[in-house]
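Subject: Structure for your review

Hello,

Please find the structure below, with the sequence alongside. My notes on what turned up follow after it.

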Amino acid sequence: MLFLTVLLMVSKTEAFYFYLKEGDEKCFIRELPDKTLLIAHYRCRTFSKESEKEKNSVQVSSQENRMMVEVLNPRNKIVLSREYRSEGSFSITSHEPGEHTICMHTKDFKSSGRTLKIDLDIQVGEHTINYTAVAKKQKLSEMQTKLKQLNEKAAEIIKELNYQRYREEMFRESTETISRRILMWSVAQTVVLIMVGVWQVQSFRMFIESKKLV
């Protein structure tokens, strides 16, 4: 069952589109194991509100569409920051496991009030390999190509399993840290209560002695 879950996670690709108004920013989070290649193919077009009910509601403008792409690693350090044109691709290789944030914006450009439609196709790991081109370049037979593909899938599964172990360790460390803090807080509360109790007893005794009731 675990193998099937990991296999589905490894084989997953993401293709979607979204609208981005000039001057705005949109970010997406993608979890990546260590040393994993991510390639994103995109197409940026001008969205025409006047014809949004028609079939050709998205039209290519004569004006060049530009956008900035920034990718942050799990420690929020920028690993990619670059300006891109209307259509193309960008890629990164993770150097540590965790959540990588992909942000797209047009903040650095003069805004004309346009709305952009961005088609984004994200491929990770083994899905970034063009096996047809590899087979042609290395002169591999169909069987050899299939074996190479299976080897790549197995490597991705191992990476994903290692990443799941990493997440479990991080969760366990976080849980242990919270448990220690709760224990320390409980001990501190107990000490404070004891000190308050002792102070109250001493104060009561001093009050009785001052009134010469004993």
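In what order do the elements of the protein run from the N terminus on? The order is α-β-β-β-β-β-β-β-β-β-α-α. That makes three helices and nine strands in the protein. Please keep in mind that this is a predicted model. The protein has 214 residues, and 31% of them count as buried.

Disulfide

How many disulfides does a search of the whole structure find? The search finds one. The partners are Cys-27 and Cys-103, whose sulfur atoms lie 2.1 Å apart. The link is right-handed, with 110° about the S-S bond.

Salt bridges

The count of salt bridges comes to four. As background, side chains of opposite charge can pair when their charged atoms come close.

One of the four joins the side chains of Arg-167 and Glu-31, at 3.2 Å from N to O. Arg-167 sits in helix H3 and Glu-31 in strand S2, so this pair ties together parts that are 136 residues apart in sequence. Both ends are partly exposed: Arg-167 has a relative accessible area of 38%, and Glu-31 has 27% relative accessibility.

A salt bridge also forms between the side chains of Asp-119 and Arg-45, at 3.1 Å from N to O. This pair links distant parts of the chain, with Asp-119 in strand S9 (residues 115-124) and Arg-45 in strand S3 (residues 37-47), 74 residues apart. Are these two residues buried or exposed? Asp-119 is buried, and Arg-45 is buried too.

The side chains of Glu-96 and Arg-75 meet in a further salt bridge, at 3.2 Å from N to O. Here the partners come from loops: Glu-96 is in the loop between strand S7 (87-93) and S8, while Arg-75 is in the loop between strand S5 (67-72) and strand S6 (78-84). They are 21 residues apart, and the pair links distant parts of the chain. Glu-96 counts as buried because its relative accessibility is 19%, and buried means under 20%. Arg-75 is exposed, with a relative accessible area of 55%.

Salt bridges that share partners also make a network, which joins Arg-43, Arg-45 and Asp-119.

Surface charge

Which residues form a negative surface patch? They are Glu-168, Glu-169, Glu-173 and Glu-176. Of these, Glu-168 is placed in helix H3, which covers residues 142-210. Helix H3 also holds Arg-167, the partner of Glu-31 in strand S2.

Regards

Terms used: Residues numbered from 1 in each chain as written. Predicted model: local features only at pLDDT ≥ 70, side-chain atom pairs only at ≥ 80, totals over all residues. Heavy atoms only, no water. Patch = residues over 30% accessible without salt bridge, like charges linked within 9 Å, V, L, I, M, F, W, Y side chains within 5 Å. Areas by Shrake-Rupley, 256 points an atom, 1.4 Å probe, with all protein chains shown as cover. Lys, Arg positive; Asp, Glu negative; His and termini not counted. Charge placed at Lys NZ, Arg CZ, Asp CG, Glu CD. Helix = DSSP H or I, 4+ residues; strand = E, 2+ residues; numbered from the N terminus. Disulfide = S-S within 2.5 Å. Buried < 20%, exposed > 50% of the residue type's maximum accessible area, 1.4 Å probe, protein only.
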